[in-house]
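Hi everyone, thanks for coming.

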Amino acid sequence: MADHWWSSREIGNLWAASHLMPLINMGGLWWSTKGWRPLLYANTDQEKMAAEDTPQDVADRERIFKRFDVNGDGKISATEFGDTLKSVCSVTPEEVERMMDEIDTDRDGFISFEELTEFARANRGLIRDVAKLF
């Protein structure tokens, strides 16, 4: 059986129509022969608000930040960010720029620990996977 990609809307409509559970805002999923798998690391709004930082979450963020902050100045430059990403995965300069734009919310050209924390809280699954690389 080949994998089929389903959008969040399709999944929500399917679940609502089947009366298995109420319609909820959920990340994209795909169906494989092993069952439903996440397509996107997207939490529901309720999960984002309700989720508390665990000691492991804090430790993961600190480890990730230190790995990206190569010169140890307490902030991650676009160069440090791009070089570190390129050491673990294949990214284009445009992808690095888009990620910097998303994480660098104060637009000073650097990622602070606070900005990383805000991003990490909104993308917990992604950060857990990144932490495994470091």
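So, how much space lies in the largest pocket? About 420 Å³. Keep in mind that this is a predicted model.

Who's around that pocket? It has 21 lining residues, and the closest to its centre are Phe81, Leu85, Met99, Leu126 and Val130. Helices H3, H4, H5, H6 and H7 each give two or more residues to the lining. By type, the lining divides into 18 nonpolar residues, 1 polar and 2 charged.

Okay, let's zoom out a bit. The chain has 7 helices and 5 strands. Starting from the N terminus, the order goes β-α-β-β-α-α-β-α-α-β-α-α. There are 134 residues, and 31% of them count as buried.

In soluble globular proteins, nonpolar side chains tend to be buried together. Here, the largest nonpolar core has 17 residues, and the ones touching the most other members are Ile64, Phe68, Ile76, Phe81, Leu85 and Ile111. Which elements give two or more residues to this core? They're helix H3 (55–68), helix H4 (78–88), helix H5 (93–103), helix H6 (113–122) and helix H7 (124–133).

Let's pick out Ile64. Leaving aside residues up to four places away in sequence, Ile64 touches Leu116, Ile127, Val130, Ala131 and Phe134.

Key: Residues are numbered from 1 along each chain as its sequence is written. This is a predicted model: local features need pLDDT of at least 70, side-chain atom pairs count only at pLDDT 80 or more; totals for chains, interfaces and linings use all residues. Side-chain values use heavy atoms; hydrogens and water are left out. A nonpolar core is a set of buried Ala, Val, Leu, Ile, Met, Phe, Trp, Tyr and Cys residues joined through side-chain atoms within 4.5 Å. Buried means under 20% relative accessible area, exposed over 50%, partly exposed in between (1.4 Å probe, protein chains only). Helices (H or I, at least four residues) and strands (E, at least two) are DSSP runs, numbered from the N terminus. Contact means heavy atoms within 4.5 Å. On a 1 Å grid over the protein atoms alone, a cavity is a set of points where a 1.4 Å probe fits but cannot get out, and a pocket is an open set with protein on both sides within 12 Å along at least five of seven lines; lining residues have an atom within 4 Å of a point. Grid points are joined across faces, edges and corners, and a volume is the space filled by probe spheres set on the points. Ala, Val, Leu, Ile, Met, Phe, Trp, Tyr, Cys and Pro count as nonpolar, Asp, Glu, Lys and Arg as charged, and the others, Gly among them, as polar.
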